[in-house]
Amino acid sequence: MAPVDPHSYTDGAHPVVSRAALAFYLDFAASTIHASALLTLSAPHSGDLLLDTRALAVHSASTDADTPEPIPFSLAAAADPVLGTALTLTLPPDTVSFRLTFSTSPAASALQWLAPPQTASAQPFVFSQCQSIHARSIFPCHDTPAARITFSLLLNVPEQLSAVASARHVARRDPLPSDHRGACDDELWCAPGRIVEEFQMEQSVPPYLFAFAAGGIGSRDLGPRTRVYAEGGDKVLDEAAREFAGVEEMVKVGEGLFGPYEWERFDLLVLPPSFPYGGMENPRMVFLTPTVIKGDAAGAQVVAHELAHSWTGNLITNKTNEDFWLNEVSGLTLLLVWSLSAFTLQSVVFLKIQCGSLYGMFHTVSYIPYYVEYLTLLLAYQPIGTACCSSKPACVSCSL
Ligand SMILES: [Zn+2]
């Protein structure tokens, strides 16, 4: 075995998953997802393949054929407290893609399920937070940033709910028996009162940027490529729209500094108060705590930081889970946050925090070469920044 990341079972001697077609039946009563995944490898492979999982119940593995054949698989007998549980598949010769069915645990580390009394909309709500190594608790994957994936996602939810994801929204439609590839039986998938929200993500992302949420979610347009989503009705949406009215202008400033915005849309989701972070830079759909809505546009500082990650982190990504510090303290993130936050005139405290991180990082002298290389790569990317990251191999391979 050739480990590539101390926080993943990914074997560097094998190809990695490069495409995931996911179908999720969201069972709010059981805080569980019944799921299937059609996973495609970056190259044909035979024999053992290791995937990361955590607290997943894996039900089946099979070939991707008109008449699927079972694939032998096993979960490690004991879960590592950090890494989770390795899933070992024994693939037939020259396998390119294969199917899995599985269920998440109610205690999945990436998921938070809220009962109606815990939400402003009095509807159930679920959201994900995969950074840094929690995607493996939603679906088996190579949960290391260098293993970028494109994905499709079907979310089967009660029809009174709606869903968002870090992906392009394709359709809201009736469930079809052909959708789920064994995630659950047809009767459950196509039961009355259920709908499917369909998403596609054709720009490759590290697994930690996979994200979705479902609940009583509404939205307000902010600009031609920006929209804010929130649960809680018109009052919350109106307040959020006022707080983030300058977001479209922020994106333009970012483009002026660092080249075109590559992710097409920059939408915001204001989550219920239990969201454990200030913000999370999920591409196309930044997740935000509701505490950023103060009525004085100061929440724009957090949005500026997450927008900065559209370039530093989401386009150019640290190679292993050990090096997330590169995303957070890169000088260009600092510069961009400073530039964008200037619109709010509220940036002094935020800048002091960022500068403190930078100061502390430079005390660890051994990190300096990595930091310099990261900035060099980022700067080198800019003159050709009009290429989409998924179509520009250098963007993927230039991870440190
Ligand atoms: Zn950040």
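1. Basis of the model. Residues are numbered from 1 along each chain as its sequence is written. Because the model is predicted, local features need pLDDT of at least 70 and side-chain atom pairs count only at pLDDT 80 or more, while totals for chains, interfaces and linings use all residues.

2. Confidence. The pLDDT, the predictor's confidence in each residue on a scale from 0 to 100, averages 86 over the chain, and 82% of the residues score at least 70. Over residues 344-350 the pLDDT is below 50, and this stretch has 14 contacts in the model beyond near neighbours in sequence. For residues 382-400 the pLDDT is likewise below 50, with 37 contacts beyond near neighbours in sequence. Two residues are in contact if their C-beta atoms, placed from the backbone, lie within 7 Å.

3. Overall composition. The chain holds nine helices and 17 strands; these are DSSP runs numbered from the N terminus, helices being H or I of at least four residues and strands being E of at least two. Of the 400 residues in the chain, 45% are buried. A residue is buried if 20 or more other C-beta atoms, placed from the backbone, lie within 10 Å of its own. Among contacts between residues at least 6 apart in sequence, 72% join residues at least 24 apart.

4. The five-stranded sheet. Five strands form an open sheet in the order E13-E14-E15-E17-E16, and the pairing is mixed. Strand E13 (217-223) and strand E16 (279-280) are the edge strands; each has a single partner strand, so one side of each is left without a neighbour in the sheet. Strands pair if DSSP finds at least two bridges between them. Six bridges link E13 and strand E14 (residues 226-231) in the antiparallel sense, with Ser219 opposite Tyr229 in E14.

5. The four-stranded sheet. A further open sheet has four strands in the order E6-E7-E12-E9, with antiparallel pairing. Its edges are strand E6 (111-114) and strand E9 (162-165), each with a single partner strand, so one side of each has no neighbour in the sheet. On average, neighbouring strands of this sheet are turned by 10° against each other, direction ignored. E6 and strand E7 (residues 125-128) run antiparallel and are joined by four bridges; Leu111 stands opposite Ser128 in E7.

6. Strand E8 and its partners. Seven of the ten residues of strand E8 (residues 149-158) are buried, and the strand is mostly covered. E8 pairs with strand E1 (residues 17-27) in the parallel sense over seven bridges, and with strand E11 (residues 194-205) in the antiparallel sense over nine bridges. Ser152 of E8 stands opposite Ala21, and the bridge partner of Ser152 in E11 is Gln200.

7. Helices H3 and H4. The axes of helix H3 (residues 247-258) and helix H4 (residues 300-308) come within 11 Å and cross at roughly 40°. Axes are lines fitted to C-alpha atoms, for helices over the stretch in contact, and angles run from 0 to 180 degrees between N-to-C directions. The contact is made by Val247, Met250, Val251 and Gly254 of H3 and by Val303, Ala304 and Leu307 of H4.

8. Burial of H4. Nine of the nine residues of H4 are buried, so this helix is largely enclosed by the rest of the structure. Among them are Gln301, His305 and Glu306.

Key: A residue is buried if 20 or more other C-beta atoms lie within 10 Å of its own, exposed if 12 or fewer, and partly exposed in between; C-beta atoms are placed from the backbone.
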